[in-house]
Amino acid sequence: MALLKVVDLKKYFPVQRTFIDRLLAGRVDWIKAVDGVSFSVEKGEIFCVVGESGCGKTTLGKLTIRLVEPSSGKIFFDGIEITKLKSGQMRALRRRMQIIFQDPYASLNPRMKIGDIVGHGLEIHNIARGEQKKKIVLEILEKVGLSPPEQFYDKYPHQLSGGQRQRAAIARALVLNPDYIVADEPTSMLDVSVQAEILNLMLRLKREFGLTYLFITHDLAVASYMADRIAVMYLGKFVELAPKKELLTNPRHPYTKALLSAIPYPDPDHKIGEIPIKGVVPSPVNIPPGCRFHPRCPFADKICMREEPQLIEIAPNHFVACHFAEKVG
Amino acid sequence: MKDVVLSIRGLKVYYKTRRGLVKAVDNVDLDVYEGEILGLVGESGCGKTTLGLSIMRLLPSNAIIAGGQILFKGKDILKIPDEEMRMIRGKDISMIFQDPMTSLDPLMKIGDHVIETYLSHMPVKVDEAKGKTMELLEKLGIEKERVDDYPHQFSGGMRQRVVIATAIALHPAVIIADEPTTALDVVTQAQILQTLRRLRDELGSSVILITHNLGIVAQISDRVAVMYAGKIVEVGTVKEIFMDPLHPYTKGLINAVPKVSPEGGELSSIPGSPPDLINPPSGCRFHPRCPYAKEICSREEPSKKIIDGRIVYCHAL
């Protein structure tokens, strides 16, 4: 059963300009950060969104829990349409949806102790206070590997290493016993040796607490370690979506193929081949007409400049948005 | 065996901070051979950038060189006067920095960055320098019509090509590339890496590639030096390091890198985190995190061992 379902979700941000510019130009440009995305995440699944910087993946993650309000589209959480909920109703649901941010140096309040940061949600949701709060927090600190928890409870974020801070951020997300967690590049600021620990911790916690993750990353290697399904995002849209193994062994979108061939493997016998695509990602203000990938695509034909390809199921559970998906495979 | 172009011996670079002396590079020996790409890998704060900056003598003002030598063409470049060092920089040894968004002057035209390099080191006129610049930019995949553009008109990858152009303009013997692709997307990164490899083949320069990304090192290095907490722990050929790492830290690092693979398989991690370099652990600096640590490891610093041509610092071997 789908825990999260998103239908044609869009988020446009107005381009910030000076007052004079606005007077003279008279129209507002929009950054189309998320431009029509539909998918659902099953209960207990790890759904990875992979894309390069600026593709809209972080905005998408925040939209799913309404940390950013959508411009249009619908979001269903456990069958409830949350796009229409008032803030009071939303707050009650918030307990069940949490987020882990990318930068553990910025996401923890430097003037609060770890125990208070982690326990804050318990107070806001009137679940526990005082001694009872402390008991719950100590338990969760132990679970995320900040052990002995009594030692970490009264520490400030600056006394912790990057990996320990990210553990505290995970503890904060878990303390309310949520169902759904958005993990936005949770390891990209960490060193590889620490990254492996955090990824393993997240996998263990997922099993233990029956969690569902929307895992956002720019690193296909990390996605291939974590994911059940992977969606590849380009300029605000999904271009391909498939179960992990299918996506990695049988990619059908030219962009996915390019990403896979451009990754430097940590193996001296596996060298980067020719990169089939050219140019750079266009600005999300001026999205190319037709298929947004066509200016860089080696397969592009007339239809690609004219008509936007839809995300179509070309094999069971394998969706591709490309006019030539058959040819690419 | 090729000749050694650059030889670092017993180098110690410390930073003065309010909390105390940070021993960023502590007694490092390293040789760079002619025409090789030497990958220098390690996690953040291990001292790899400091090592690169000391070769360029571009260390920040709170750094002190507490000992050691950097021998280039038989001369200790730590001892020569500033004026002489300025002539070496760019001409004999040059550097590509991490962030192409900040390493170009936003008020200078693209071409002028390269032209300046020629003018300051060669007896050429502006026109001639501009001609050379356009030729070089074209070789790096930038249309020569764009020589009068400004940095903001270029994408990140194009800017990094300009930075590379300034670094290679005078065919230096040694190019230090400090995380040259970290700020770029993977597709651009792959293109820049291919460019670097091609340039090494064409110019015969030695490249010291500083990075935390083991994938990049595996792709284009000939040899690899692994750094941990201010020290070199292992140096070997790229195959030796990746296929048969000897030092426990190198092993841990290689097993911790996720690979793109549909099968998966458990990633192993290194427990703990890198130490504070104000108070580094006694003995071997890796011993608190090392699964093979013995009693001697906390007491005595491991000395250099050469095993089948490979350099390792470890008591357990």
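Me: Thanks! Which helix does A:Leu138 lie in?
Reply: A:Leu138 is part of helix H5 of chain A, residues 130–143. Helices (H or I, at least four residues) and strands (E, at least two) are DSSP runs, numbered from the N terminus. This is a predicted model: local features need pLDDT of at least 70, side-chain atom pairs count only at pLDDT 80 or more, and totals for chains, interfaces and linings use all residues. Residues are numbered from 1 along each chain as its sequence is written, while chains are lettered from A and ligands numbered from 1 in the order in which they are written.

Me: And what does A:Leu138 touch?
Reply: Leaving out residues up to four places away in sequence, A:Leu138 touches A:Pro149, A:Glu150 and A:Tyr153. Contact means C-beta atoms, placed from the backbone, within 7 Å.

Me: Why does A:Leu138 count as partly exposed?
Reply: Because A:Leu138 has 19 C-beta neighbours inside 10 Å; buried takes 20 or more other C-beta atoms within 10 Å, exposed 12 or fewer, and partly exposed is in between, with C-beta atoms placed from the backbone.

Me: Switching to the sheet: in what order do the eight strands come?
Reply: The order is S6-S7-S8-S3-S9-S10-S12-S11 in chain A, an open sheet with mixed pairing. Strands pair if DSSP finds at least two bridges between them.

Me: Which strands stand at the edges?
Reply: Strands S6 (97–100) and S11 (312–315) of chain A, each with a single partner strand, so one side of each has no neighbour in the sheet.

Me: How do S6(A) and S7(A) pair?
Reply: In the parallel sense, over four bridges. A:Ile99 has A:Val182 in S7(A) as its bridge partner.

Conventions: Two residues are in contact if their C-beta atoms, placed from the backbone, lie within 7 Å.
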